[in-house]
Amino acid sequence: MNHQIVKIYNTHDFERTTKGIKVAQFMRLKHSSSDTKQIFNNFEDLVISNSLCCSYCNTVFADKYQQRTHYKLDWHRFNLKQHLHGLKSVSEDIFKVMMDKNDSSTSDSQKNTQTKDCTPKQWNENKKTKKKTVNQKLLEYKLDSSDEDCTEEDSVMIKNDILLTITTRHSKVFFENEEGNIFSIYRCLLHSKKEIPEVDNEIITQALKSGRTSLWTIVMVGGGHFAAAVFSDGNVIVHKAIHAYTIRAKQGFVQSSHDNRHSLNIIKSAGANIRRQNEYKLTQQIQKVLESWSSYIEKSSLILYRAVGPCNRTKLFGGKNAPLNKNDPRLRPLPFPTRKATFNEVKRVYDILSNMEIYGFKGVVSPSS
């Protein structure tokens, strides 16, 4: 079977795809030493994104060749390591500067090179060695250069631990059906980040349930833009988009954010006052819209949102009568970067999230996919 995409709300396609469902081999909790390398290779083949972008490095590509070349760079691998440890990614220019500084550093300056966010010393050392095998690359995520005396048993345990970490943090969950075809469903449709299942049966139950509950609310807010819609079985039930002038020119953040950072030097210009008033009105409008949708939101199986920063989150979760409860188990942040909050963007997000990708027999993806 070639690479295919079916919609999760299409009952016939969903039942056909999930027949005999089981968790894909590389998503399972334990692996033997003999199959770890092949499993990891299969996983790497599947997770090459079709969107021609790298969310770890915030980079967009012109074609598949550029994308696959990027995944081989030390810069991408370094940002992947940062992500696995819950740290911030760095830009390519910053990474090059870090590498250059590390190359020319002396023993005295090396004491000050370690920072909270990143230490590229290990990556610089790796560049001077021969090409690493898949197993060695796995070990680099956990082992420092001083851990040369680990046993083979320790290495297997570390590799399995790393493989489990990568798969459980990936934005998609991969399954296998009775025909032997690998397919994926976005993880945010199954469970929240705080409720990751510990056994395969739980995530299988969640996957089967995802096709039967298709009423979703998607909310996006940022940069003075708000867009939201309620979807059911591929159709828009209600939608609303609002835009207000709240961003300071050439600054890239809302007026209130500037006020919070410079509380002792608050700008009192006419433009600043207009932006403050517009932001207040925008908050009121957003909460009024969501309140009017309360009946739809209560019936929704998922509430997917994008609100980066405390100012944007306040619009959704702030106040005594907040339109959304931040502790609601149905709340899920969007798992990929998005554009400006518009109705078209909300529809695009819904279209992507509702995709079930079928990769073919045993996860073998054709080059054209």
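Guide: In this predicted model, a salt bridge is a side-chain nitrogen of Lys or Arg within 4 Å of a carboxyl oxygen of Asp or Glu.

Visitor: How far apart are the closest N and O atoms of Asp328 and Arg330, and are the two residues buried or exposed?

Guide: Side chains of opposite charge can pair when their charged atoms come close. Asp328 and Arg330 are both buried. Their closest N and O atoms fall within the 4 Å cut-off, so the pair counts as a salt bridge, and the separation is 2.8 Å.

Visitor: How many salt bridges does a search of the whole structure find?

Guide: The pair of Asp328 and Arg330 is a salt bridge, and another is formed by Lys19 with Glu178. A search over the whole structure brings the number of salt bridges to 8.

Visitor: How many residues apart in sequence are the parts that Lys19 and Glu178 tie together?

Guide: The closest N and O atoms of Lys19 and Glu178 are 3.8 Å apart, which makes the pair a salt bridge. Lys19 sits in the loop between helix 1 (11-17) and strand 2 (22-23), while Glu178 sits in the loop between strand 5 (172-176) and strand 6 (181-186), so the parts tied together are separated in sequence by 159 residues.

Visitor: Is Glu178 buried or exposed?

Guide: A residue counts as exposed when its relative accessible area is over 50%. The relative accessibility of Glu178 is 52%, and therefore Glu178 is classed as exposed.

Visitor: How many residues lie between the parts of the chain that Glu357 and Lys172 link?

Guide: The side chains of Glu357 and Lys172 form a salt bridge with an N to O distance of 2.2 Å. Both partners are buried, Glu357 at 8% relative accessibility and Lys172 at 10%. Glu357 belongs to strand 12 (residues 355-361) and Lys172 to strand 5, and these distant parts of the chain are 185 residues apart.

Visitor: Is helix 11 parallel, perpendicular or oblique to helix 13?

Guide: Two packed helices are described by the angle between their axes and the distance between the axes. Helix 11 (residues 270-292) and helix 13 (residues 310-317) have axes 8 Å apart and an angle of about 40 degrees. Because angles under 35 degrees count as roughly parallel and 65 to 115 as roughly perpendicular, the arrangement of helix 11 relative to helix 13 is oblique.

Visitor: How many nonpolar, polar and charged residues make up the contact of helix 11 with helix 13?

Guide: From helix 11 the contact takes in Glu279, Leu282, Thr283, Ile286, Gln287 and Leu290, and from helix 13 it takes in Cys311, Thr314, Lys315 and Leu316. Sorted by class, these are 5 nonpolar, 3 polar and 2 charged residues.

Visitor: What relative accessibility does Lys315 have?

Guide: Lys315 is located in helix 13. Leaving aside residues up to four places away in sequence, Lys315 touches Val221, Glu279, Leu282, Thr283, Ile286, Gln287 and Pro323. Lys315 counts as buried, with a relative accessibility of 3%.

Visitor: In which loop is Asn58 found?

Guide: Most residues other than glycine have a negative phi. Asn58, although not a glycine, has a positive phi of about 55 degrees, and at 71% relative accessibility Asn58 counts as exposed. The loop that holds Asn58 runs between strand 3 (53-54) and strand 4 (59-60).

Visitor: What is the relative accessible area of Asp233?

Guide: Asp233 also has a positive phi of about 55 degrees without being a glycine. Asp233 is placed in the loop between strand 8 (225-232) and strand 9 (235-243). Asp233 is partly exposed, its relative accessible area being 41%.

Definitions and conventions:
Residues are numbered from 1 along each chain as its sequence is written. This is a predicted model: local features need pLDDT of at least 70, side-chain atom pairs count only at pLDDT 80 or more; totals for chains, interfaces and linings use all residues. Side-chain values use heavy atoms; hydrogens and water are left out. Helices (H or I, at least four residues) and strands (E, at least two) are DSSP runs, numbered from the N terminus. Buried means under 20% relative accessible area, exposed over 50%, partly exposed in between (1.4 Å probe, protein chains only). Axes are lines fitted to C-alpha atoms, for helices over the stretch in contact, and angles run from 0 to 180 degrees between N-to-C directions. Angles under 35 degrees count as roughly parallel, over 145 as roughly antiparallel, 65 to 115 as roughly perpendicular and the rest as oblique. Contact means heavy atoms within 4.5 Å. Ala, Val, Leu, Ile, Met, Phe, Trp, Tyr, Cys and Pro count as nonpolar, Asp, Glu, Lys and Arg as charged, and the others, Gly among them, as polar.
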